[in-house]
Amino acid sequence: MQRRVRSVRVPAELDHLDLTGVIAECAKYLRDLESAAMLTSQGDRAAAEALVKARQADLGKRIGHKVWEARVKYGEKLRRDQPGEQGI
């Protein structure tokens with residue numbers, strides 16, 4: 001039986017995550033999956049598998065970079081909001 005998720009806690013670091021960019025990357029990945037399906041239907045299974053394998057690695061790298069950018073923005077915000085050391 002499937003359980004429903006009532007709430008999700010998102011780390012504050014991901015508050016600055018570019019969701020539009022993440023969705024765009026996923027859309028590109030879906031287009032590549034459609035291309036792989038077409039290659040498979042045309043009988044070129046090896047090319048389809050290579051395309052999916054390469055695109056999965058690329059998707060992970062790109063999404064990871066977006067998460068890293070969000071973390072950097074969060075860190076910059078924390079540094080800006082901290083009171084500076086004065087008199088030193």
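Arg55 sits in helix H2. The model it belongs to is predicted. Arg55 is buried, with a relative accessible area of 9%. Buried here means under 20%. Leaving aside residues up to four places away in sequence, Arg55 touches Glu25, Lys28, Tyr29, Asp32 and Arg62.

Now compare another residue of the helix. Trp68 also lies in H2. Trp68 is exposed, with a relative accessible area of 53%. The cut-off for exposed is over 50%.

**Helix H2**

H2 has 37 residues. From its first C-alpha to its last, H2 reaches 54 Å. That is close to the 54 Å expected at 1.5 Å a residue. Which residues of H2 are buried? They are Ala48, Arg55, Leu59, Lys66, Ala70, Tyr74 and Gly75. These buried residues pack against H1.

**How the helices meet**

Two packed helices are described by the angle between their axes and the distance between the axes. H1 covers residues 19–41, and H2 covers residues 45–81. Their axes come within 8 Å and cross at roughly 175°. Angles over 145 degrees count as roughly antiparallel. H1 and H2 are therefore roughly antiparallel to each other.

From H1 they include Glu25, Lys28, Tyr29 and Asp32. From H2 they include Ala48, Arg55, Leu59 and Lys66. By class, the contact of H1 with H2 has twelve nonpolar, four polar and seven charged residues.

**The whole chain**

How many helices and strands does the chain have? The secondary structure comes to two helices and zero strands. The radius of gyration of the chain is 20 Å. For 88 residues the globule rule gives 12 Å, and the chain's value is well over that, so the chain is more spread out than a compact globule.

The C-alpha atoms fill a box of roughly 75 × 40 × 15 Å, taken along the principal axes. Buried residues make up 14% of the 88 residues. Contacts tell of links along the sequence too. Among contacts between residues at least 6 apart in sequence, 65% join residues at least 24 apart.

Note on methods:
Residues numbered from 1 in each chain as written. Predicted model: local features only at pLDDT ≥ 70, side-chain atom pairs only at ≥ 80, totals over all residues. Heavy atoms only, no water. Axes fitted to C-alpha atoms, helices over the stretch in contact; angles between N-to-C directions. Helix = DSSP H or I, 4+ residues; strand = E, 2+ residues; numbered from the N terminus. Parallel < 35°, antiparallel > 145°, perpendicular 65-115°, else oblique. Contact = heavy atoms within 4.5 Å. Nonpolar A, V, L, I, M, F, W, Y, C, P; charged D, E, K, R; others polar. Buried < 20%, exposed > 50% of the residue type's maximum accessible area, 1.4 Å probe, protein only. Expected span 1.5 Å × (residues − 1). Rg over C-alpha atoms; globule rule 2.2 N^0.38 Å.
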